[in-house]
Amino acid sequence: MISNGYVGVSARLKRKLAHDKQKAEFRGFQPMNDRDDFSGKVRRAVAARAGWHCSFAGCGKLTTGPSEEGPDKSTNIGEAAHICAASGGGRRYDESMTPDERGGIDNAMWLCSDHAKLIDRDEVTYTAQQLHAMKREHEAACARALRTGKSAGLAAGLLAVGPDVVCTGELTQIDAMGWTLRLGHFLIGDLHGIIAYLDGFGQQDSENRYVLSNELGDGRVLSAAPTLTKQGDGYSLYCPVAPVAPRVDAQDIGSGFALQPETNDLYLDKKGSMARVSGVDYLPQRLRETLSMQRGESPFSPTFGMRFFEYFEAFRGSPWFDLLFKLDVVRQAAIPYRDGITQQTHTPLHCVTRVRNVEILADAPTKNRLPVRLDFDVRGIGRWTHDTNSE
Ligand SMILES: [Zn+2]
């Protein structure tokens, strides 16, 4: 049993004290009768619709589970938070709402205790409109998770439009000429970022003109500036796309000096010359070289490379990190760059036709290496899976 400071009191009293303390904190010691609180029914309904996971974008923390207090006890660290405050003076209080509306499910959002506190301290960053959008997006992800049998985080589609905008959302239409996206919540950038990107499209480097979908595991070069349309309570983006970037068979990806798996160093073959690998045998090494190259590191191709450390700094520990990493691998597979040495233009992983999944197998890199499990469609091979730490 973990000590929590209440010595010698019964479990029941402890629970009551903790509950009252939490209630008092959450309510800021305001008298109860001025507040339009949620009923137990509303709380349970909003929690269930959120799958008992925090609805805050990028959190998704599970808020309920077993308690140590007994075999039939459970713990809840979630709260039905008010989007517009329950009483005057609270954040985002809207005096035009009726008490029923304030205490109704439309005004409730299921959050972990950290995020309930966060939104209650800042109504500039978290507007009612944004919170409604997060709630909608989270409920949509839960509905997708139910349908697909995947966890809510993995079922959420991520989309990238150029290098500075990543949002949740889905592809609503695809044909040879264009992709239509329904935009959800922004993880990187915002709506203004999209508008700036569209306005400045003509000045964008060719390597920054792309759209990526991690649901599809594929991406396209944009052939012209996308068009943004307001649709209902959201936005839709039509992206004119270039034909799929050419790929080669795995047998034809070229060759390189072989690296010894243990030392990661060059070595001599039996004839005494530098050992080389080519084709399919070269693929794991080619992947490792591509995925471990950080953007900006290559003196020959400044825009070449992964954005791993950027994402790692901002999103480590969140369920979005794996999805962002996958999205960046999709970019390596689908979006061509110009090789500064060979002067050829091709995608860095130019035999990978689809990125099915990328799973990160450790919490943090060891010796600057992060073990990952890759699940790709490879031209000339078919489905191909590989663990980068097994080399
Ligand atoms: Zn949370």
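Let me begin with a definition: the axes I will speak of are lines fitted to C-alpha atoms, for helices over the stretch in contact, and the angle between two of them runs from 0 to 180 degrees between N-to-C directions. Please keep in mind throughout that this is a predicted model.

With that in hand, take helix α9, residues 308-315, and helix α10, residues 320-334, whose axes come within 10 Å and cross at roughly 165 degrees. Since angles over 145 degrees count as roughly antiparallel, that makes α9 roughly antiparallel to α10, and the crossing in which α9 passes α10 is right-handed. Which residues of α9 meet α10? They are Phe-308, Tyr-311, Phe-312 and Phe-315, and on the α10 side they meet Trp-320, Phe-321, Leu-324, Phe-325 and Asp-328.

Seven strands make up an open sheet, which runs in the order β9-β8-β5-β6-β7-β11-β10, with antiparallel pairing. At the edges stand β9, residues 218-221, and β10, residues 227-231, and because each has a single partner strand, one side of each is left without a neighbour in the sheet. On average, and with direction ignored, neighbouring strands of this sheet are turned by 35 degrees against each other.

Finally, to look at one pairing within that order, strand β7, residues 178-188, and strand β11, residues 234-240, pair in the antiparallel sense over six bridges. If you want to find this pairing on the screen, you can look for Gly-178, whose bridge partner in β11 is Pro-240.

Key:
Residues are numbered from 1 along each chain as its sequence is written. This is a predicted model: local features need pLDDT of at least 70, side-chain atom pairs count only at pLDDT 80 or more; totals for chains, interfaces and linings use all residues. Side-chain values use heavy atoms; hydrogens and water are left out. Helices (H or I, at least four residues) and strands (E, at least two) are DSSP runs, numbered from the N terminus. Angles under 35 degrees count as roughly parallel, over 145 as roughly antiparallel, 65 to 115 as roughly perpendicular and the rest as oblique. A crossing is left-handed if the near helix is turned anticlockwise from the far one by less than a right angle, and right-handed if clockwise. Contact means heavy atoms within 4.5 Å. Two strands pair if DSSP finds at least two bridges between them.
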